[in-house]
Every structure is written in structure tokens, then in C-alpha cells.
Amino acid sequence: MPTLNDILILLPEFYLVAAACLLLLLDAFMKPAQRPLLHWISIAVLLVAIYLVVAGQPPQAVTAFGGMFVRDDVAEILKAFALGTTAMVFVYARPYLIERKLLGGEFYTLMIFAVLGIMLLVSAGNLVTVYLGLELLSLSSYALVALNRDAKLPPEAAIKYFVLGALASGMLLYGMSMVYGASGMGGTPTLDLAQLHNVMSYTTAPTLLLFGLVFMIVGIGFKLGAAPFHMWIPDVYQGAPTPVTTFIASGSKLAAFGMAYRLLDAGMGDLSQHWQLMLAVLAVASLAIGNLVAIVQTNLKRMLAYSTISHMGYLLLGLSAAGPEGYAAAMFYAICYALMGVAAFGVMLAMTRAGFECEEIADLKGLNQRSPWMAFLMLLAMFSLAGVPPLFGFWAKVLVLEAAIHANMLWLAIVGIVFAIIGLYYYLYVVKVMYFDKPEEGGASQAQPDQPLRVVLSLNAMSLLALGLYWGPLLAWCRRAFGL
Amino acid sequence: MFNHLLSLLIWLPVAGAIPVLLAGSARPNLARWLSLLVAVLTFVVSLFLLGQYDPSGAAMQLVESHLWIASWGVHYGLAVDGISVALIVMTTFVGILVVAGAWEVIQDKPHQYMAAMLILEGLLIGVFCATDALLFYALFEAILIPMFILIGIWGGPRRVYATLKFFIYTFFGSVFMLIALLYLYQKAHTFDLATLAALPLTFKEQAWIFFAFLIAFAIKVPMVPVHTWLPDAHVEAPTGGSVVLAAVMLKVGTYGMLRFILPIVPDAGAHFAWLVIVLSLIAIVYIGYVALVQEDMKKLVAYSSVAHMGFVTLGIFIAFMLVREQGHTDMALLGMQGAMVQMISHGFVSGAMFTCIGVMYDRTHTRLIKDYGGVINVMPWFGFFYVLFAMANCGLPGTSGFVGEFMVILSSFSASPWIALFAAFTLIIGAGYTLWLVKRVLWGEITNPHVAEMKEINARETFVLGAFAAAVLALGIWPQPLVHLMDGSVAQLVQQLAIHKI
């Protein structure tokens, strides 16, 4: 029987479920004219959820429902940032949604359910919770991608996403079943991650366990979008409505990190010497494919999609270091990437207007002439993504590189840095287009400055600079979460 | 206030860029005056720094240290020695002239131009006084952003190619340095340069770290064979960009060698000194010949910069040879001092040369030597300055160009007469390309109609060129204060060379 204590531990999650259901009802019974109110209500819902997460933070890790759910610092930090970036997505999405007549309950409810999935996923203490959270997130995301169902690309992207996602979920589930089986050979079968930790020491079927691990890594790789499981990323990024892309590039990546951490460290920590190399290979493949293919893209969303793949390579660099240092670096990277991704897509959202999608890199030509401030914000995002100091992205890269060197993988750090040089080109190219090219007719500009968007986006992009100048507290926070 | 003098120097121009940007394109004159005000204030503060600095002590002075990133033990650590002070004062001095030099020349978004210049100035000052390796690295890389923008927006026709090449080339070099620094951090658990200097390292480690550092700094200096970004960047950069690039930014490379290679990997440095010496001699002789055949004035001066910076690297690494192999500490000291004087002198001379080319370019919009001829007939005052700087560029005694080169040649003679022989080639080649340039541009009859329409330099240009001329002559006639300023610090560096760390 769940006790009151269990429910209190899950208070933010229960609250979000209730709020999302309430939003659905509101949407159904509201007059069409009042619908825009939903926007502000949803943002308020998320802000209250952040408050509940932060204020209710237990002094040390606690579990609920017999270990199904873990509430520790790692989960709290990831949740706070996932909620925060989603609230930012809401702010940035408003003009886009209004102009495309998509502003309605579906978007907000689905987004909140997706965030709920993230919250479950990063708090998972059991294979079942991992799967539940993952599916909640994925199913909401599939639907979100197809939100603009009258256009050509979104349904196509959603089908691709769904088919490949289902395949990956199947792989993950298959792997989990093998791990479960292996845990039963020579002991009591268990799905609990904490108990799975030492299966390797007693199981009579270590090969089965390793097989299970490989399949689980496929699932993780898919969720992260690491090469060679990256095929869906460019199409989905391009096809999805930009606000949804923004969400997939930010909150979803935090979730992927959380899932990888839960499964690999809590569950399969004993096998770290085995998965370390697998992750390193994924990292190298992602860095290579992401950075090289991004160079030839002309569509900004596709370019950022490949850039995501390469960034996941860096995140894997930290994860493959397989230690608290590495995890802290990887989490720092995930947070950093979420902030950068939201900022970069946010500028694109700010540029869209009725009948005009700011999608091609060429749309940004001469942006510095039309909207110097927007160009400057994009410049910050691009230099941060490229990893040029003093911006935030640079320090995140330094941290994962340090973690790799610390784990005696100097070669991996060198591969990472070489691809950073290659990746530099396409970010600089965007800056070049904005600053050095002459503006063209029909290019991007901020047509109707939406004040909240402008303010939040400015704060978002400036935070890349501010955190670049003073990243100590955030790092300390990440390290403390992993007991450093 | 006194404890934060260095911070003030860094942040004053950076913060000063904000009101300049806010002035906007609608009020270009306000932006210009504001940036001039900031540049002058920064110069005044740097003079104050000069007064505060006590040249008799060898230790780092005006130390500022705050814990920046607690969990990594990274400090916001600033301090200066004589070399830093000299470079900082040169930077702020050039900063004023660059702002003044761009006054009416930059008509397109002057506020952004000026702001980028000021930010660049602040970052460069930061590089010259950082005592924490990570802080140094961050500033070292951050410099690229404003420079990228400067060349890309206000540059010449091939600016995009040049600026991308510049950015990626220099970024390429420095990332290996980052790996080396992270490796050192694993061993020492700090980025503090003084601690790293005391860290024992095996020869193999030193060799790898040496090459990682060398790539980073050699590209910045630039040394042969990684100098190819420089002619492109110089040719396409706006005048002010070229001036800062040549006068200050190249010095970051040699300064980095002094701060990183010399103290942290002295044994590898001594072992591979021959390599750097050979590359320096190639720069001096071969690049001198390359300069000779250039048809573009800016390219010619750019190549001559590579050749002159060859003297700086020669002076630094000849010291290894002298100290480690022959025990000539006093000669090593001379060579090192020569290198330092050459750094400062080259800053003024190359800055002045690029300003001169800019002055001509503003009138005719061409940089090709063949488009000129007989300029002295229409611009006698300009001709006066141009000849003066040309003389300094080929190292005429009495100008600053002579002092450093002479000291370096003298000390390399005691290391090996052969090295001195090749180094001394510069006296002939340098004179060759510079005087030939002067001959083709200034002297002779006016053959091109647009030269006849060139107007004499105005008061603003006279001020800029005059200031450069004063600096060049002052250093040439009386280099003693500069040498004295850097004396203790150079002696300290030479001492560090001798310490075996294995």
C-alpha cells in the first residue's frame, strides 16, 4: 500500500498529472476567445511545479513505492531544468502557435505530459519506471511532432519518429527482459535498479546479461540520438513544428541523460568496464557524423539537428568516463546543451511570422542589419555551441574533456577536440551569414516583437554569457549531486 | 581600487563597449567620442600601472587572486611583471590610435566597430596579466570573436574567406594546448602557472606538452610554416584590425611562449630549441625573400611581420642554447632582452606601417604597389612619416627596429656565428623590400592620375602617425627605460631556463 509519505515524495508529479487533466477540461469548456489564456495558465503550472521540485527537495536521496521511484539531487536538478526549459519553450512558442492557429489545449497538455514522462524517467529506480517514463515522453512527443497535421512534413516526421522510436523501445524492452532473466539465474529475479547493480557478481548467465546491456544501450543511444542511432533526428527536427523541435532538443536531452545515468550507473554500474568502450565508440561515431554532415546542411533546423548529434557525442564522452566526475561533467553538458538549444531555436521562433518559417540558414542573411539584437543573441548561441570561450558551451566541453582524460582516455579527448575544430565551421558560417552578408528581400527579421519572448530569450542567451563567466556554482551543484 | 588596478584595466574597455553599442548607429559621433574617451581612460590607467610597478623586483606584482571556480580550484588570478607592463602599455597606446584612426574611415556601423575594438583591447590586456592557465586560455580564445567580427564586417572583398581561415586556423592550434593544460591539471590539480612551473615532468611528457604549446603559440606568432593565415587576414582586415593584429595580437604568441614553454617544459624546450631556431631563421631569410616579391603593400608588410617576429622567437630560444649548452647566462639575457625589445618595437613599427597603408588606401582604394608612385609629390608630410617607419622597419640605428635586432644578433653570434650570419641577412633583405617599397610608392614621377588627386594627411592622421613616430624614435634613441622595466623579469625567465625539471 502506498503510504502518505510515498505520495508526498511524488507530489510534483501528482500535481502535474492533476494540472494536465485540468487543462484538458479547461480547454474543452473554454470559449474559443478565452483560449489564449491557456498559455499563461500552462506557464504558471510549470513554474509551480519547479517550486514544488525545488522547495520539496529532500535533504538526502529518498525512494518511494518500494524503490520504484528515486528522488535525489540528480533527479531534482534535471527536473528543475527540464521544467524551466519547457516553460521557456512555451514563452517562445506563443507567436508561432498563434500565427499557425495551433494555440490550444493539445499543445500544452501534451507538452506537460511529456515533461511528466521526463520527471518519471530521471527519477526511475526500476526498469519498469524507466519504461513507463520513456513511453509517456515518447508517445507525447510523437503526437506533438504531428501537431500541425495539415502541413506536409510533420506527419511524415511523426511516422518516422514513431516507427523508429517503437523499434528502439522494443530493443530496450528486449534488453531489459534479458537483464531480468540474467538476474534470475543464480538469484531472485529483480527489476529494481539498485538490486541489479551486483547481478554480475552472482549470475550464472553473464553472457545473457551482457547481451541485455547491449540492447539497452541501443535504446539509450536512440533516445540520445547518438550515431549510429541518429537517423530520426534530422527528419524529426526539420519536420516538427519549431516549438516541438525546441523541446526535443532541450528537455528531451536532459531526460536522455537521466535515463542513461539511471540504467548504466545505478543498474549496470558493475559492468562499467564493458559499457565504457561501447559509449566511447558511440561518442566517436556521433562526433564524426554529426560534425561532418552538419557542414553541408543548408536548412538551419537540420544543421542544428546534426549539431545535436555531435553534442550528444560530447555528452557521451563524459558518461563513458564512468565515474562521479564524468557524470557530473555529462550532466553539466546536458544542462548547458538544453540552454543553448533553447536559445538557438528561440531566435528562430522569434523570427517566424505568418506565412514565413525561419528555417533556412539563408533566411538569416544580414540579420545584423535588420535586428541587431536578435543577431547578437544568435551569435552568443552559436559561439556557445561551437565552444568558444568565454561562453558557457566552452566550459561544458572542457569539463567532459577533463573527465575523459581523468578516466585515462586521452585519445578520446583528442578525438573530441579535433571534431570541435571541424564543428566550428558551420557555427561560424551562421555568424557569417548574419553579420557579413547583405540582407535580402523576404529574409528573417523580428516582425512583431512579442515582449515576453524578447525578454526571456534575451535572458536565456545572456545566461550563456553569464554562466560562461561564472559557472562555478552550477558545477558545484552538479558535482554535489554525484557526491563529490 | 589599488588592489584592482589590473581588473580595472581589463574591464574598463570591455564595459566601455556597452555604452558605445547603446549609442547605436543613429548617433555615430557619440559612439566615436565615447570610445575615444574609454580608450584614453584606459591608457591613463595603464600609465598609472607603469608608475605603480616596481622594476627592481623580479616577482609578479599587483597580484589579484579570487577563487573563481571552487570545485576546480581555478582562480581569477592576475599579476604583472615587467614584460606584461610593457605590453599592456603598448596595447592601450595602440588602442587610442586605432580608435582615432578609424574616425571617419569606418562609416558602416561605427558603433559596432568601436565596441569590438574596445572589447578586443580589454581581452588582450587580460591575456597579458592572467596568472591562471585556464583564465589565460579563455581570454586567449575569446580574442578570436571580436577579431572575427572585425575582419568579417569591415574587411576587404575576400574578408569572409580570410576571417574564417583566421578563426579556424588559430582555434586549431590552441585546442591542443587545452588538452595539454587538462593533462597538467590531472597532475597538479591546479591551473596556477607558478605551481605548474614547479611541477616535475618526465621528458616524454614534456615533449608532448611542448609540441601542444608550440602549435598553439607558433600559429599565433606566426612562425613558418603555419603563417599562411596571416597574409590573408592582414590583407582583408580593416586598417584598425591589421594594426591590432600586427601590433598586439602576434605578441600574444611570443608572450605565451614566455609564460608556458619556458617555465613549464624547460627541458623539452632546450631539447627542441634547434627546431624553433631553424624555423625562426627560415622566417627571417625565406619570408624576407617572399616579402620582396609581393605586389600588395599590406601583404608585403604582413610578410615582413613574420620575418620580424622570427627575431623574437630566435631571441627566446637562442637563450636555451646559450644557457643549457654553453653557460653564457649574460649573453642569453641579452638575447632575451633583445627579443622583448623587438616585440615592443615591432608593435609600433608594424602598427605604423599598416596605418600608413590605410591612409593611402582611404584615398585611392587600392593597395597594389603598381597603382602608386610619386606620392611624396602630393603628400610630403605623409612621405616624411612613411620613410621614417620604413627605416625603422629595416632596422636603421636610431629607430626602435635596430635595438632589438642588434641585441638578438649579438647574442646569437656567441651561440653560433652561423646563426648570426643567417639572422643578419635580415639587414640586407629587410632593407631590400622596404626601400624598394618606398621607392615604388613614394618616389618618382606621378604616373597614375588618382595619385595626383590624393590629399595631404589631415590633423587626425597626423596625430596618429606622429604618436607612432614619437614612440619609434623614443625607443630607438633611448631604449634604456624599456630595458630597465623588463630587466628583472627577463633575468628571472633566464634563471628558469636553467632549472632541470625531470
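Biologist: What should I know before I start?

Modeller: Residues are numbered from 1 along each chain as its sequence is written, and chains are lettered from A in the order in which they are written. In this predicted model, local features need pLDDT of at least 70 and side-chain atom pairs pLDDT 80 or more, while totals for chains, interfaces and linings use all residues.

Biologist: How many residues of chain B are in contact with chain A?

Modeller: Contact means that C-beta atoms, placed from the backbone, lie within 7 Å. Here, 26 residues of chain B are in contact with 25 residues of chain A. α7(B) gives the most to chain B's side, with 14 residues. Helices are DSSP runs of H or I, at least four residues; strands are runs of E, at least two.

Biologist: Which strand does β1(B) join, and how do the two run?

Modeller: Strands pair if DSSP finds at least two bridges between them. Six bridges join β1(B) to β2(B), and the two run antiparallel. One bridge pairs Leu67(B) with His75(B). The strands form a hairpin with four residues between them, and Gly73(B) in the turn has a positive phi of about 65°.

Biologist: Why is β2(B) called largely enclosed?

Modeller: A residue is buried if 20 or more other C-beta atoms lie within 10 Å of its own. Five of the seven residues of β2(B) are buried, so the rest of the structure largely encloses this strand.

Biologist: What does Phe213(B) touch?

Modeller: Leaving out residues up to four places away in sequence, Phe213(B) touches Met177(B), Ala180(B), Phe260(B), Ile261(B) and Val265(B).

Methods: Two residues are in contact if their C-beta atoms, placed from the backbone, lie within 7 Å. A residue is buried if 20 or more other C-beta atoms lie within 10 Å of its own, exposed if 12 or fewer, and partly exposed in between; C-beta atoms are placed from the backbone.
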